[in-house]
Amino acid sequence: MHPLLAQLLTPDRRSVIYAIKGVISMALALYVSMYLQLDRPYWALVSAVFLQIRPQSGLVIEKALCQIFGSIVGAGVGILILAFLMPYPVAALICLTTWIGLNSAASSTVHNTNFIYAFAMAGMSAGLIVVLVMADARTVDSPAIFEIAQARISEIAVGALCALLVSRLLWPLKVKDVLRDHARSVINKTLDYLRLQLDPESARDDRHQLADVILESLIALNDDSSAVVYEGTEGPGRGRAANLLCNKIMSLLAVIQILGRFQRNHAELVTPAFNELLGEMRLYFHRIAEANSYEESYKLAQTLRRTLLSLRSEYVDEPAIVSRLTQTSLELVADLVIALRAYNALENRDRTLLKAPKLETHRDPLIGIVNGFRTAVVFMMGAILWVLSASPAAIMLMILPVVYSIMFARFSPVTLMVVLRRLMLGAIAAIPAALFFGVFLLSQTSGDFEMLVLVLAGPYFVGLLTLPNRATLPYGLGFCVPFTVITQPTNHMEFHADTAVSIALGLFVGMSLLYWIFKLITPPDGKRMQRRLLISTAKDLTNIDHHARPEDWFNGRMGDRLLRLANYDQETGSPHRYMTDLGFTGLNLGHVSMRLRRLLQKHRTPAVNVLLNQWQVALADSYLMSSKGGVNTDFRVVSAQLLRAIRAAHADVEADHQTLIAEGMFERIALTFERTANTVAEAEGMTGWKESARPEAIRTAGA
């Protein structure tokens, strides 16, 4: 059965509650708007609709603030444009188009949907004020301009505040519960991933699919953590715990790559003692995942750490690389313990946990330029049609597609086309529904508030039923907003079929323009964007030593980057998924270089520091070279020089031990580069990896 039909015919209890709350929110927004004699109460309904997408109280508060703030900023810009360019309508439209394009470009720098919506409201509010003033010759004076701006802000604020009030009073839902669900899922999936990585017989596709799910859950957890701060005094603490959990999961993903790849690709180097240690880790990861409580999971993780220490104490003449990987295993368990504590802190305060930064959105100027230009073209085409037709109904053709353009611009091209098609289908369904309920039924009534609610509650309830489900959400959004704009419920409604049809046609043309412009103007192909992601990762590898808390900084920058690489791989349908592997390799290399610096903390003479910086550049160069199917022979040379400098700096037992671990680390990284180069060469159809003693990776990356 189609997901839309399934959602409408067999709605679950949660969807019904959401829909009932949504109808009440919209009824309250309409009542308050009509009571206050606002000019266009239907904009309060549109505002309330958007707040039903995520009805948890913290998220509603955050989106309401974003709505109001974006509307105020947009209104201010609209007033400024009119103040300076009122006599020059073409210049005013060009300036407005630029402002809308800048908002769309800026929205590409954030990942949180509510923050993106703030940019959409800033663009839409400015557009509404400028266009409504230009469309009516009676509003050319300053008081009229301010009156229109005030009305727009008031309508949006009424809708937002009414939705906020209902979300807090009726069947309140909490973001903290969503965070707990996200956190429980991501920890269990991560434990499964750890076991798969340590299983020599595990399938590569299974590991990739699980990694994709973990990354998506991490980003969702990271985005929602900003809204939990609005839920009481414990909110900020839960937000910090969620950020720390995301950070430590990233560390676990980085470290497990070392152990899993070493075991699969260099089985001849796995000694019996180390194989026993890996077996214990697999066993305990399974037990922790099956535990029924946090306390049991935490105790098992601590028991695993003691078990690994006991096994390491029994080592006799183990190779340097095994010694290093054993230490890596202990560090992995330590990160797992902190992740479990962070999960517990989502419910119970833990003041001993350190603060960690949020995962950052990867900011690529090229994506921002494409998104900004595309949205500007959407608005410009609508403006041209409005000027040529001189129809007030064409105003919606300019405004509403801009909101959708900014809101959905961050989606991948494949997902975006699916969303836009479903949005259009929802809008097409809204047109006959609006004509029937608005022109036919409401025209038979007195237009009182009670009759408005009785007639409109049914269509809104059906549309709102689809919002909780991610797959059907575009249908509901495409239905509810156009339905509202076509019917335009207000105090003194005048029912004209020609006006309603004109607005409906304008919306349909606007949505069609949006679809085809997004189809024609697309970001560069996935390969180029993946290469830019790898170059950004390599640059970060050279800057790790310039930050006070490098692990938190690097993890924060790699989360969204890894998800983008995985999404590009999925879209291309590549069976190799080597770009995803390269992303995890970059994450792994960053953690390796941080561990090397901690290892050499007591042995960093000026000579060691110089060579360590050279080694870091060689590491980044070699990473990019291997991503092209080549091996940088300079890496082994610089590594050998660094080892000699460490030995010369401190000739004692501790230095010998540190040098032994560093030697194992360098050998493991060199093997990784050679294996990666071979993998890429095979995937690209090359004959084998090529050597290069003078890589141009970082030095020419910006050219």
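Predicted model: local features only at pLDDT ≥ 70, side-chain atom pairs only at ≥ 80, totals over all residues.
Residues are numbered from 1 along each chain as its sequence is written, and side-chain values use heavy atoms, with hydrogens and water left out.

Let's start with the empty space. Rolling a probe the size of a water molecule over the atoms shows where such space is left. A cavity is a set of points, on a 1 Å grid over the protein atoms alone, where a 1.4 Å probe fits but cannot get out; its lining residues have an atom within 4 Å of a point. Its volume is the space filled by probe spheres set on the points, which are joined across faces, edges and corners. The structure holds five cavities of 30 Å³ or more.

The largest cavity has about 90 Å³ of space. Helix 2 (13-35) and helix 17 (449-465) are the elements that give two or more residues to its lining, and helix 17 provides the largest share, five residues. (Helices are DSSP runs of H or I, at least four residues, numbered from the N terminus.) What classes of residue make up this lining? It has 10 nonpolar, no polar and no charged residues. Here Ala, Val, Leu, Ile, Met, Phe, Trp, Tyr, Cys and Pro count as nonpolar, Asp, Glu, Lys and Arg as charged, and the others, Gly among them, as polar.

The second largest cavity, at about 70 Å³, has a lining of five nonpolar, two polar and three charged residues. Helix 13 (320-345) supplies the largest share, four residues. Among the lining residues are Arg324 and Arg595.

Those two arginines turn up again in a network of salt bridges that share partners, together with Lys248, Glu331, Asp335, Glu551 and Arg598. A salt bridge is a side-chain nitrogen of Lys or Arg within 4 Å of a carboxyl oxygen of Asp or Glu, and the structure holds 21 of them.

Take Lys248 and Asp335, whose side chains meet at 3.5 Å, N to O. Lys248 lies in helix 10 (residues 235-265) and Asp335 in helix 13, so the pair ties together parts that are 87 residues apart in sequence. Both Lys248 and Asp335 are buried (under 20% relative accessible area; exposed is over 50%, partly exposed in between, with a 1.4 Å probe and protein chains only).

Key: 1 Å grid on protein atoms, 1.4 Å probe; cavity = no way out; pocket = protein on both sides within 12 Å on 5 of 7 lines; lining within 4 Å.
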